[in-house]
Amino acid sequence: MDSLVLFCTGALLAGGLYWFVCILGPAEQKGKRAVHLSGGSISAENVQDNYKQYWSFFRRPKEIETAERVPDFVDTFYNLVTDIYEWGWGQSFHFSPSIPGKSHREETRLHEEMAVDLIDVKPGDRILDVGCGVGGPMRAIAAHSRAKVVGITINEYQVKRARMHNKKAGLDSLCEVVCGNFLEMPFQDNSFDGAYSIEATCHAPKLEQVYAEVFRVLKPGSLFVSYEWVTTDKYRADNPEHVEVIQGIERGDALPGLRSYSDIAETGRKVGFEVVKEKDLAKPPALPWWTRLKMGRIAYWRNHILVTVLAAVGIAPKGTVDVHDMLFKTADYLTRGGDSGIFSPMHMILLRKPLES
């Protein structure tokens, strides 16, 4: 009898562990499992040290003295967080407005398809994804538009992940991924029929540099749309709570200082673009984009326990727990920024390169 009880208890624990890791463990889009969490291109033994270096560098985003080092630390950030993002969020590293009756995946896809619809491209056109991550938006946009999408990301690990996902999705003939810095892109002048950026240019020390590069590589008459992370007209720099929230978002997302919504169009004009349209897609009647963060709190605690166990037994690198904890705290700041209306991750700007340029 005791042996039967022991056997049943062991079987129940084993089944529970399998369910916890293998059923709950994968990302929403089945891109990464918890047992495969890594530090990207950083070796397992160096993850914790790299996290400490990252945190020290971005501790005071507005006071970063060496802007030239920002791309290196953004690269470090994405080595640290890419697997966790894929596992806990999916292959599209961005937000989208909530839509009644739609799943998170459907909301994400519609948000991405809107970007390519805005730049008015045709099947076979060559378009640029500025800051493509592991290529979630790229694949949705290629499938929707049948345009040929070239994505650029500074992170070599993301390049490998994106190429793997592209091939698995059967879209590798439409999707190309290049490792490079979007402040100095390895593309010829006037070589793209359109361009988009979804919540990526916020990592640039100076937005003007990115926009100038996009302007250079676009063909005259082509369109560029960007979803920008910004502080809104409700943000008050003399409000300590507002400052705390914005600095929390900056530290936890590798941002060298968030920009005001009022700076975006002016930056586009400064580098030569014509402003076609500007709109904060987070404003009513849009439903809250941060709902998913609130709903994910239970999942966070489940995931945090799992990450802690995996790190303790040596499956996940040391430092993974610290990174996961940082992302949870950042999610709270993002939620507070959305609730208060002082922050938007989807300030949309649509720009055109003049025909005579």
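This is a predicted model: local features need pLDDT of at least 70, side-chain atom pairs count only at pLDDT 80 or more; totals for chains, interfaces and linings use all residues.
At what angle do the axes of helix α4 and helix α5 cross, and within what distance do they come?

View 1. The axes of α4 (residues 104-118) and α5 (residues 136-145) cross at roughly 60° and come within 9 Å. That angle makes α4 oblique to α5. The crossing in which α4 passes α5 is right-handed. Two packed helices are described by the distance between their axes and by the angle between those axes.

**View 2. Residues in the contact of α4 with α5.** On the α4 side, the contact is made by E112, E113, V116 and D117. Their counterparts in α5 are G136, P137, A140, I141, H144 and S145. Sorted by class, this contact holds 4 nonpolar, 3 polar and 3 charged residues.

**View 3. P256 in the loop between α8 and β6.** The loop that holds P256 runs between α8 (240-252) and β6 (259-260). P256 counts as buried because its relative accessibility is 16%, and buried means under 20%. In sequence, P256 and A67 are 189 residues apart, while their C-alpha atoms are 8.1 Å apart in space.

**View 4. The protein as a whole, with 12 helices and 8 strands.** Of its 357 residues, 54% count as buried. The accessible surface of the protein comes to about 16,400 Å², and carbon and sulfur atoms account for 54% of that surface. Among contacts between residues at least 6 apart in sequence, 79% join residues at least 24 apart.

Technical notes: Residues are numbered from 1 along each chain as its sequence is written. Side-chain values use heavy atoms; hydrogens and water are left out. Axes are lines fitted to C-alpha atoms, for helices over the stretch in contact, and angles run from 0 to 180 degrees between N-to-C directions. Helices (H or I, at least four residues) and strands (E, at least two) are DSSP runs, numbered from the N terminus. Angles under 35 degrees count as roughly parallel, over 145 as roughly antiparallel, 65 to 115 as roughly perpendicular and the rest as oblique. A crossing is left-handed if the near helix is turned anticlockwise from the far one by less than a right angle, and right-handed if clockwise. Contact means heavy atoms within 4.5 Å. Ala, Val, Leu, Ile, Met, Phe, Trp, Tyr, Cys and Pro count as nonpolar, Asp, Glu, Lys and Arg as charged, and the others, Gly among them, as polar. Buried means under 20% relative accessible area, exposed over 50%, partly exposed in between (1.4 Å probe, protein chains only). Accessible areas come from the Shrake-Rupley method with a 1.4 Å probe; for residues, only the protein chains shown count as cover.
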